[in-house]
Amino acid sequence: MNKKHPGGEPSPSTSPTRPAPPPDHGDATATPASAADPKRWWALAVIALAQLMVILDGTIVNIALPSAQRALGMPDADRQWVITAYTLAFGGLLLLGGRIADLVGRKRAFVIGLAGFAVASALGGAAAGPGTLFAARALQGAFAAVLAPSALSLLTTTFTDPRERAKAFGVYGALAGGGSGAGLLVGGLLTEYLNWRWCLYVNVPVALAALIGAQVFLRDRSGRRGGHLDVPGVLLGSGGLVALVYGFSEAGPRGWTSPWVAAPLMAGVLLLAAFVWWQHRAAGPLLPLRIFRDRSRAGAFATMGLATIGMLGVFLFLTYYFQAVLGYPPVRTGLAFMPVSVGIVIGATQIAARLLPRTAPHTLMASGMVLAAAGMVLLSRLTVHAQYVPHVLPGLLLVGLGMGLTFMPVYATATVGVPTQDTGAASAALTTVQQIGASLGTVLLNTIATGATGRHSRAHGPADSGTALAEAMVHGFSVAYWCSAGVLLLAALVAALTVRRGKPSQAGSKPSA
């Protein structure tokens, strides 16, 4: 009779459908290598630089999009593909990128991702037509899907001392949360004072600097010997994720009842269900399901997904609020978002990183989500005549501090205790959850805000003036902020109930007697 794991699956050592796993089941954080590596803090700088580039690129192009559309003669119906091409490739290929990092080595995957991202950025900056720009953005997303999991995996295996690990993940969490706001500012500056092409060209020198730093400072063992790629898992998992991200991206302009939305979403769910079934049977699964057996790790994944859904309200609606209601130009809009980034940096590096070694992770996560929810409630009280410092700034600071307190322990908890050969897959899974949460949050909150705006206009008569239109728009934003607050409070509850004190157990290991 086969022995059973806590999750009810046969033990890998006795299952007739898969061979015994490699003997390296040690905790990826159990070795003292980082304490002896004098270059580890320089390695953190290289990893942080690459991660910042990936995060910035998710928003830096947004502000440049109108200029790019005019320059390339891009039709209105096609302009969304500048954003969608990147998110589809990035979100759909993350699991594949994580497994590539496990098989070929994290440093090698990191270098491949950086080099490819630089080439794709140069191609996009030199685009002479919309098709070239769309293709370049898709290539950026594909190489980012290799780069992001390998960066998080390298961070996980480089820093093993609990206090050093907390500091490193504080920096990483600050970049992951605050990079989007910084991207809006950088995009505004480059577009206003240079031109839209520099929003892509700027990645080339950054990637080259990170490539040089990777060769000098990063250390990693080679890929797992004898491993192979789970091709059916790639097709099912990547296909399902691409279908979901595409369905969510089309729900905004087309509506939920459109067959162009319903069909991809249904196909995505079916493909991912088949993917989970196949991962139970595959000899070398793309995403080892043992990663999710630990309750704390699963709770960290769920908290990240809900937090990402809820926080999209800040960047999505405040961009319109600043520009369409308050009349801010692009650069001032980017500057207006900086308190969110500052709050995330302070919350992650100065508060969470100092408290995590002696504080339960769920305490930080739940407290952070409550703070962020309070910030959303403050933002829900904005009016068309609000002023930035007394009315907008307090809410932004609370949201930023809350996100910083949450992201840092989430990253640390979700990756600690994972066997070395699975760190790439675990990192990719966490980034995938974040990406799917961003896509879903954008669509859901935008649908809620649009519906509330329409109801307000109908209830208060025809919106025949700019003020009436602005009031209806702000009302829609307010309703969406309340919904965001509810999602963030749900994230706080999930974190409090599922994440235990201390680190998760080794993925797939048997509980102690």
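A contact here means heavy atoms within 4.5 Å. Counting contacts in the chain with a separation of 6 or more, 85% are between residues 24 or more positions apart.

Now the model itself. It is predicted, so local features need pLDDT of at least 70 and side-chain atom pairs count only at pLDDT 80 or more, while totals for chains, interfaces and linings use all residues. Residues are numbered from 1 along each chain as its sequence is written, and side-chain values use heavy atoms, with hydrogens and water left out.

The chain has 18 helices and zero strands; these are DSSP runs, H or I of at least four residues for helices, E of at least two for strands, numbered from the N terminus. Of its 513 residues, 56% are buried, meaning under 20% relative accessible area, with exposed over 50% and partly exposed in between (1.4 Å probe, protein chains only).

Next, helix α3, residues 60–72. Its 13 residues should span 18 Å at 1.5 Å a residue, and the end C-alpha atoms are 18 Å apart, which agrees; the expected span is 1.5 Å times one less than the number of residues. α3 bends by about 45 degrees at Pro66, the angle between axes fitted to the seven residues ending there and the seven starting there. Buried residues in α3 include Ile60, Ile63 and Leu72. After α3 comes Gly73, with a positive phi near 65 degrees.

Last, Tyr193. Is Tyr193 buried or exposed? Tyr193 lies in helix α7, residues 162–193, and counts as exposed because its relative accessibility is 60%.
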